[in-house]
Amino acid sequence: MAFPIQRMRRTRASAELRSLVRETGLNAGDCIMPLFICTGEDVRREIGSMPGNAQMSIDVAVRECELIHSLGIGGIILFGIPSTKDEDASGAYHDHGIVQEAVRAIKRAVPKLLVVTDVCNCEYTSHGHCGKVIDNDVDNDTTLDWLTRSAVSHVRAGADIVAPSDMMDGRVAAIRRGLDDAGFPNTPILSYAAKYASAFYGPFREAAESTPQFGDRRSYQMDPANAREAMREIALDVEEGADMIMVKPAGPYLDIIRMARDRFDLPLGAYQVSGEFSMIMAAAGNGWLDLDRTIIESLTSIRRAGADFILTYFAKDVARLVG
Ligand code: PBG
């Protein structure tokens with residue numbers, strides 16, 4: 001029963017019909033907005049490579065969070081930029097570190113806003129790597145201790161969800177144990193389960209001042225060529241107790257999102273990272289792409305591939321465009 005009985009264009013004929021048969025939705029509530037928190041007061045330092053995004057001091061971030069909440073955005077994820085860094089990332093797990101203080105202030109002002117914290121060390125180490133460096137490489141098992149202490153301190157400050165992004169082996173199990181021992185058995189872990197060693201993190205490293213001072217992250221983040229390995233990474237995190245999993249980056253890795261969706265029943269997130277954002281902004285700024293349509297298409301595609309929610313610097317645009 002093909003043409004002329006079948007005419008695919010029938011259900012595309014009007015906006016109302018298209019809306020009726022649309023398979024994939026996108027709402028502000030599906031989006032999590034990343035924020036960069038710096039020290040000081042009344043500071044808003046624009047990030048050159050990420051137009052519209054800025055490093056914000058806590059007071060400014062609180063006002064931003066009030067806006068984000070009022071727009072119906074699903075939540076925020078916090079990254080901290082401490083004023084000093086050291087070999088042992090001590091700012092990452094200090095009870096009065098930048099993220100811990102930001103969480104307290106935001107939860108006090110906007111208690112209903114879902115606050116996720118990124119659990120990693122790269123913003124806090126003087127060398128910019130994601131953990132303890134021994135013999136020019138990141139030592140896995142020492143780093144687990146730092147990550148666990150960070151996660152517990154974030155939750156003690158009021159974080160709703162912790163999201164380890166370091167790619168050390170065993171971090172989900174270590175954090176789960178740490179949270180349970182500290183009296184937080186009900187706090188979920190969103191694992192950056194399949195995180196690739198990606199060039200698309202470039203602008204973020206300007207934003208978070210976390211560029212490695214030597215080498216790269218390929219001994220812990222994944223090789224972009226590997227898909228089956230991503231499934232093993234995810235399976236291990238699930239076994240260790242992850243409550244939600246994430247694929248990162250998103251746009252260049254839609255096949256990984258789809259594979260993860262088909263194999264795992266956990267809530268699945270995807271991170272449309274800084275480089276994906278900056279590419280779209282740059283092309284739109286040059287008049288080469290229509291910004292609003294590209295935002296919606298790029299994010300709808302990530303949802304269509306199977307992501308339940310998306311970490312995206314376009315969260316406020318989604319609220320503006322589709323509500
Ligand atoms: C921390 C971290 C990074 C990103 C999120 N968490 C940087 C990295 O791994 O180098 C990247 C996010 C983005 O590019 O938007 N490890």
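Biologist: What is the volume of the largest cavity?

Modeller: This is a predicted model, and every value I give is computed from it. A search of the whole structure finds 1 cavity of 30 Å³ or more. The volume of the largest cavity is about 150 Å³.

Biologist: Which residues lie nearest the centre of the largest cavity, and how does its lining divide by class?

Modeller: By class, the lining has 8 nonpolar, 4 polar and 6 charged residues. Of the 18 residues that line the largest cavity, those nearest its centre are C122, K195, Y201, F204 and K248.

Biologist: Turning to the open spaces, which elements each supply at least two residues of the lining of the largest pocket?

Modeller: The largest pocket has a volume of about 230 Å³, and its lining is made up of T11, R12, R18, V21, R22, E23, T24, T300 and R304. Sorted by class, these residues give 1 nonpolar, 3 polar and 5 charged. The elements that each supply at least two of the lining residues are α1 (15–21) and α10.

Biologist: Which residues are closest to the centre of the second largest pocket?

Modeller: The second largest pocket has a volume of about 160 Å³, and the residues of its lining divide into 4 nonpolar, 8 polar and 2 charged. Among the 14 residues that line the second largest pocket, the closest to its centre are P82, S83, T84, G91 and G97.

Biologist: How many salt bridges does a search of the whole structure find?

Modeller: One of the salt bridges joins the side chains of K316 and E64, at 2.7 Å from N to O. Elsewhere, D166, R171 and D237 are linked in a network of salt bridges. For the whole structure, the number of salt bridges that the search finds is 18.

Biologist: How many residues apart in sequence are the parts that the pair of K316 and E64 ties together?

Modeller: The side chains of K316 and E64 meet in a salt bridge of 2.7 Å, N to O. Because K316 lies in helix α11 (residues 315–321) and E64 in helix α2 (residues 58–70), the parts that this pair ties together are separated in sequence by 252 residues.

Biologist: Is E64 buried or exposed?

Modeller: K316 has a relative accessibility of 27% and therefore counts as partly exposed. For E64 the relative accessibility is 11%, and the cut-off for that class is under 20% relative accessible area. E64 therefore counts as buried.

Biologist: Where in the chain do K132 and D88 lie?

Modeller: The side chains of K132 and D88 meet in a salt bridge, with 3.1 Å from N to O. The pair links distant parts of the chain, 44 residues apart, with K132 in the loop between β5 (115–119) and β6 (133–134) and D88 in the loop between β4 (75–81) and α3 (98–109).

Biologist: What relative accessibility does D88 have?

Modeller: K132, the partner of D88 in the salt bridge, is partly exposed, with a relative accessible area of 22%. D88 also counts as partly exposed, because its relative accessibility is 33%.

Biologist: How many residues apart in sequence are the parts tied together by R261 and D308?

Modeller: The side chains of R261 and D308 meet in a salt bridge of 3.0 Å, N to O, and D308 is partly exposed, with a relative accessible area of 33%. R261 lies in helix α8 (residues 254–263), whereas D308 lies in the loop between α10 (291–305) and β12 (309–312), so the separation in sequence of the parts that this pair ties together is 47 residues.

Terms used. Residues are numbered from 1 along each chain as its sequence is written. This is a predicted model: local features need pLDDT of at least 70, side-chain atom pairs count only at pLDDT 80 or more; totals for chains, interfaces and linings use all residues. Side-chain values use heavy atoms; hydrogens and water are left out. A salt bridge is a side-chain nitrogen of Lys or Arg within 4 Å of a carboxyl oxygen of Asp or Glu. Helices (H or I, at least four residues) and strands (E, at least two) are DSSP runs, numbered from the N terminus. Buried means under 20% relative accessible area, exposed over 50%, partly exposed in between (1.4 Å probe, protein chains only). On a 1 Å grid over the protein atoms alone, a cavity is a set of points where a 1.4 Å probe fits but cannot get out, and a pocket is an open set with protein on both sides within 12 Å along at least five of seven lines; lining residues have an atom within 4 Å of a point. Grid points are joined across faces, edges and corners, and a volume is the space filled by probe spheres set on the points. Ala, Val, Leu, Ile, Met, Phe, Trp, Tyr, Cys and Pro count as nonpolar, Asp, Glu, Lys and Arg as charged, and the others, Gly among them, as polar.
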